[in-house]
Amino acid sequence: MRPLIICIAIFSFLSTEACQTPRKALPPMKTTVFGKLPDGREVHQYTLENRSGVAAQIIDYGAAVTSLRIPDRNGKMADVVLGYDSLQGYIDGTTYFGAIVGRYGNRIGKGRFQLDGREYQLTINDGENHLHGGKTGFNKVLWDAKPGNSEEASLRLQYVSKDGEEGYPGTVTLKVTYTLTDKNELRIDYEGTTDKPTILNPTQHSYFNLSGSPENTILGHLLMIDADGITPVDKGLIPTGQIQSVANTPMDFRTPMAIGAHIGDENEQLAFAKGYDHNWVLKGSPGKVRRVAELYDAGSGRIMTVYTDQPGLQFYSGNFLDGSAKGKNGISYKQRSGLCLEAQAFPDTPNKPEFGSVTLRPGQTYHQTTLYQFSTR
């Protein structure tokens with residue numbers, strides 16, 4: 001029997017080798033001209049595609065995600081983010097569609113903060129407050145772009161924010177890498193440095209609608225946020241400094257709940273924001289990437305799971321979309337056409353020591369990793 005055993009072993013080895021198939025080649029990144037800025041500089045659009053056909057398009061103006069094509073439960077592809085067909089929409093728009101915002105994502109009360117004993121006054125662009133980096137934040141500038149990791153569909157963008165820009169101290173260099181993985185994840189890695197003490201809190205501002213059609217609202221989407229509390233806000237949407245339990249309130253998304261289930265309830269926080277526009281205090285350890293939220297659209301079967309290493313998640317239910325923004329395919333984006341799930345430090349942290357610190361100093365490096373993972377059921 002010994003010769004027979006040897007033959008079987010050899011045959012098994014050869015069969016294994018023969019059955020191995022080479023890994024499917026990654027589609028090359030496509031680059032097209034998306035338009036020109038008033039000063040003549042070209043804006044490019046980059047198309048990333050993974051090995052299963054999921055595709056993301058990103059422009060170097062605002063480092064904005066302009067399209068994200070995801071399959072439904074039947075394999076039908078559709079775009080699940082809001083945006084514009086042309087560059088002019090992004091130049092003129094005030095909605096931050098798909099962009100990287102900063103230096104400080106979210107609001108800073110009255111645009112003022114103190115750092116090392118000195119007070120800084122930032123641009124006021126939201127009532128009496130500072131929002132998303134000011135009038136010319138990261139969403140309104142041209143970034144440098146180049147291909148990322150050749151093993152995955154990846155794009156690296158860099159912007160150098162000069163000392164004094166929008167009132168911020170220090171020259172900050174921010175690098176953002178978008179990676180479209182073969183697990184159908186859009187991964188966003190941030191890396192920032194400065195030459196003077198400053199504050200830094202960028203975030204990604206895509207508006208999602210998992211139905212694939214912004215003519216549908218997001219009110220029927222089921223949302224789970226792994227958080228026991230929020231940072232409640234005043235009438236100007238500036239946090240009070242407290243942490244408020246979500247228990248027995250419309251803010252309780254610890255188990256999946258339809259966004260429209262309680263958005264119309266009589267509730268002071270909902271009244272202030274005209275819906276949801278609040279920061280949830282995420283469970284788990286900041287600095288560790290963990291699952292923090294899940295969004296589900298029953299009609300399409302699409303699921304979006306959010307992972308991040310940030311302490312907070314801003315859920316914005318598209319309250320201020322009013323039909324004036326005409327988006328892709330000529331569709332007017334009405335209220336609740338899309339929603340944002342923005343991973344970040346808490347709003348107004350520079351004025352709320354109890355919220356931690358967003359100070360970045362020379363020699364330090366800011367890091368953030370956030371992933372939007374797509375699947376179906």
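The following paragraphs lead the reader through a predicted model of a protein, from its overall form to single residues.

Residues are numbered from 1 along each chain as its sequence is written, and side-chain values use heavy atoms, with hydrogens and water left out. Because the model is predicted, local features need pLDDT of at least 70 and side-chain atom pairs count only at pLDDT 80 or more, whereas totals for chains, interfaces and linings use all residues.

The secondary structure of the protein comprises three helices and 29 strands. These elements are DSSP runs, numbered from the N terminus: helices are H or I runs of at least four residues, and strands are E runs of at least two. The protein has a radius of gyration of 22 Å, close to the 21 Å that the globule rule gives for 377 residues, so it is as compact as a globular protein of that length. Here the radius is taken over C-alpha atoms, and the globule rule is 2.2 Å times the number of residues to the power 0.38. Along the principal axes, the C-alpha atoms fill a box of roughly 85 × 45 × 45 Å.

Of the 377 residues, 54% are buried. A residue is called buried under 20% relative accessible area, exposed over 50%, and partly exposed in between (1.4 Å probe, protein chains only). The accessible surface of the protein is about 16,500 Å², and carbon and sulfur atoms account for 50% of that surface. Such areas come from the Shrake-Rupley method with a 1.4 Å probe, and for residues only the protein chains shown count as cover.

Charged side chains come next. The protein has 39 positive and 40 negative side chains, and the centres of the two sets lie 3 Å apart. In this count Lys and Arg are positive and Asp and Glu negative, while His and the chain ends are not counted; each charge is placed at NZ of Lys, CZ of Arg, CG of Asp or CD of Glu. Side chains of opposite charge can pair when their charged atoms come close. Such a pair is termed a salt bridge when a side-chain nitrogen of Lys or Arg is within 4 Å of a carboxyl oxygen of Asp or Glu, and the model contains 17 salt bridges.

Three of these pairs may be examined in turn. Arginine 41 and aspartate 39 form a salt bridge in which the closest N and O atoms are 2.8 Å apart. Arginine 41 is partly exposed, at 43% relative accessibility, whereas aspartate 39 is exposed, at 51%. In the salt bridge between aspartate 348 and lysine 352, the closest N and O atoms are 2.5 Å apart, and both residues are buried. Aspartate 252 pairs with arginine 254, with 2.9 Å between the closest N and O atoms; arginine 254 is partly exposed, its relative accessible area being 34%. Aspartate 252 and arginine 254 also belong to a network of salt bridges that includes Asp226, Asp228 and Lys283.

Proline 71 lies in strand S4 (residues 65-71) and is buried, at 19% relative accessibility. Leaving aside neighbours within four places in sequence, proline 71 is in contact with Val54, Lys76, Met77, Arg302 and Thr376. Isoleucine 331 occupies the loop between strand S25 (325-326) and strand S26 (332-333), and at 17% relative accessibility it counts as buried. Apart from residues up to four places away in sequence, isoleucine 331 touches Pro214, Glu215, Ala325 and Lys326.

The backbone also deserves attention. Most residues other than glycine have a negative phi, and most peptide bonds are trans. Aspartate 116, in the loop between strand S8 (112-115) and strand S9 (118-121), has a positive phi of about 55 degrees although it is not a glycine. Lysine 274, in the loop between helix H3 (268-273) and strand S21 (277-282), likewise has a positive phi, of about 60 degrees. Aspartate 116 is exposed, at 53% relative accessibility, and lysine 274 is exposed, at 53%. Finally, a cis peptide bond joins glycine 102 and arginine 103, with omega about 15 degrees; arginine 103 is placed in the loop between strand S6 (100-101) and strand S7 (107-108).

Key:
Contact = heavy atoms within 4.5 Å.
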